Amino acid sequence: MTQSDTNIPRRPGLTGFGLGLRPQHFPAFLDSPPELDFLEIISENFMGEGGRPLATLDALRERYPMVMHGVSMSIGSADGIELAYLHRLKALTGRVRPAWVSDHLCWTGVHGRNTHDLLPLPYTEEALAVVCENIRLAQDVLERPLVIENPSSYLTFVASEMTEWAFLSEMCARTGCALLLDVNNIHVSAVNHGFDALEFLNNLPADRVWQIHLAGHTSNGDLLIDTHDQPVPDPVWRLYDAACRRFGPVATMIERDDNIPPLEDLLAELEIARTVAAEALAVGVAA
Amino acid sequence: MSLLTLQVALQDHILGHGGNIADHLEAPRGVNADARLHVYHHAYRARLGDLLREAFDKTWSWLGDDAFDETVAAYVETRPSTGFSLDDYAADFPDFLARHLPDETEAIELAWLERAMRKAFDGADAVPLDPARLAALDDAAWDRARFAFHPTLVVRPVEAHLGALWAGIESGAPFTPPALEPGLSVRVWRKGLQPHFRMITHDEARALEQLMEGQTFAELCARLPSDGDEDPVERAGSLLGAWLQDELIVGLDA
């Protein structure tokens, strides 16, 4: 599916507040399913042939709308993306029937190697062309628009010719893809690279923002490290408030990848997100 | 420098192959390129190390920190990942361990068992055979009966008493495992959603292998050696009962 500027896919109806499904919470979700507007699954966690992961997925899919979030597409790899992965992802979409499928603006490896990391790209015209070609291929195979998440990063390339937000905006315009805005990643990258996080937010195409991630990070003294293993800190809440004012109601979730707390803790954190969004949207409407 | 050349240079740095990627990086906020690159260099090793420690936690407990971490470091530095699946990256670790520490029989067999249990965890589903179907077979049907086994079932000869090892490690208390003993076997499979393993006799292992290769149950009865007071047919019946109880059998061709 190749999109032109005049045929950009519109955001599906999913909004509200959700969580990322983690195996540690399988029993809690099955025993006492909390009220959530959606669940996000890590696609790679459900690419086995059967057993508990898929049985749990099927049971929870009966109850919750879902979105799929991947870490392995490597849309920034200059030597192309792995078709076998795309076909496994496509098969999973048939089972999950997600509102959308997301991955990251990054690359994980080249020449048959995989670092299992979300490696940063230089923001160049060449990289933009590579990313857009790979997104078009993925969208053709998956038969749906992709949703691309902004990465957190620690490297600034001499070769970069544009800002990250200019790169993301042009990527959306050229491919029709949408954005998953990780507000923590914006904050981490803004601190690490010395740019203004609000300038990042204010220069994104508002109609392309389909989902928001909220998370925490740590500091190694020199840099903020995107560990996703801490509660959402105040600077990220403030940035989320600004994002709500700019983008309106967007599907929002807490994304915790390590140091996983009890489900109740994440539900309490999600309540804060609901409050921040409600207050920001009330101000936005009044304004 | 093309994007591909830049990516190869960064990947080489992360994998420990050197390269000149630092020349292509800036140092905003006074944090130099080496400090920035270290984040990725460290994260690669930490991520794969954490994966292997979690996937082989009993092997780790048995070997201790020094021997296990040294083996993990050797694996990570010499075996770059070639696929998107982290789970696949762990798949070759037991064979690597067997070559790296060839005298550590208990650790080698524990690592194999942990990997087999992980594969059984999300292996293919199958519906267990209803024992009532066997009750309905006449003699002629029994003569030609073949069974299909759960797709997660694997059988392997071992020397370590893996059940005692597993339980001892899980207890967290000091324990002395039984000595190695040639001629043991273990089977691993999933019952419902739960992976299981069971130490079995050599006869049972051989019987399972023959049936999995397509032998009929009647042929098994004819070839099974007697076990003490039990004649071969009774012995085969006992095994069949245990397999049905464990939900190992998922198909009948009779």
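This is a predicted model: local features need pLDDT of at least 70, side-chain atom pairs count only at pLDDT 80 or more; totals for chains, interfaces and linings use all residues.
## A strand pair in chain B

Strand β1 (residues 146–149) of chain B pairs with strand β5 (residues 249–253) of chain B, antiparallel and over 4 bridges. Across the pair, R146(B) stands opposite D253(B) in β5(B).

The two faces of β1(B) are worth a look. F147(B) and F149(B) make up the covered face, while R146(B) and A148(B) lie on the uncovered one. In a regular strand, side chains alternate between the two faces of the sheet.

## The three-stranded sheet of chain B

Chain B also holds an open sheet of 3 strands, in the order β2-β3-β4 and with antiparallel pairing. Its edge strands are β2 (154–158) and β4 (194–200) of chain B, each of which pairs on one side only. From one strand to the next, the twist averages 20 degrees.

Looking at one pairing in detail, β2(B) and strand β3 (residues 184–191) of chain B run antiparallel and are joined by 5 bridges. V154(B) has V188(B) as its bridge partner in β3(B). Helix α11 (residues 202–212) of chain B packs on this sheet and touches β2, β3 and β4 of chain B. The direction of α11 makes about 145 degrees with that of β2(B).

## A loop proline

Next, a residue in a loop of chain B. P178(B) is found between α10 (162–171) and β3 of chain B. Is P178(B) buried or exposed? With 12 other C-beta atoms within 10 Å, P178(B) is exposed.

P178(B) still has partners from elsewhere in the chain. Leaving aside residues up to four places away in sequence, P178(B) touches H161(B) and A164(B).

## Two crossing helices in chain B

Two packed helices are described by the angle between their axes and the distance between the axes. For helix α4 (residues 65–78) of chain B and helix α6 (residues 93–100) of chain B, the axes come within 11 Å and cross at roughly 115 degrees. α4(B) and α6(B) are therefore roughly perpendicular to each other, and their crossing is right-handed.

Which residues make the contact? On α4(B) they are T71(B), A74(B) and Y75(B); on α6(B) they are F93(B), F96(B), L97(B) and H100(B). By class, the residues of this contact are 5 nonpolar and 2 polar, with no charged ones.

## Strand β7 of chain A

Over in chain A, strand β7 (residues 209–214) has 6 of its 6 residues buried, so it is largely enclosed by the rest of the structure. Strand β6 (residues 178–182) of chain A pairs with β7(A) in the parallel sense over 4 bridges. There, L179(A) has V209(A) as its bridge partner in β7(A).

β7(A) also pairs with strand β10 (residues 251–254) of chain A, in the parallel sense and over 4 bridges. In this pairing, H213(A) stands opposite M253(A) in β10(A).

## Where the chains meet

Finally, the contact between the two chains: chain B gives 37 residues and chain A gives 39 residues. On the side of chain B that touches chain A, α1 (3–15) and α2 (33–55) of chain B each supply at least two residues. The largest share of that side, 9 residues, comes from α1(B). Sorted by class, the side of chain B that touches chain A has 22 nonpolar, 8 polar and 7 charged residues.

Key. Residues are numbered from 1 along each chain as its sequence is written. Chains are lettered from A and ligands numbered from 1 in the order in which they are written. Axes are lines fitted to C-alpha atoms, for helices over the stretch in contact, and angles run from 0 to 180 degrees between N-to-C directions. Angles under 35 degrees count as roughly parallel, over 145 as roughly antiparallel, 65 to 115 as roughly perpendicular and the rest as oblique. A crossing is left-handed if the near helix is turned anticlockwise from the far one by less than a right angle, and right-handed if clockwise. Two residues are in contact if their C-beta atoms, placed from the backbone, lie within 7 Å. Ala, Val, Leu, Ile, Met, Phe, Trp, Tyr, Cys and Pro count as nonpolar, Asp, Glu, Lys and Arg as charged, and the others, Gly among them, as polar. A residue is buried if 20 or more other C-beta atoms lie within 10 Å of its own, exposed if 12 or fewer, and partly exposed in between; C-beta atoms are placed from the backbone. Two strands pair if DSSP finds at least two bridges between them.
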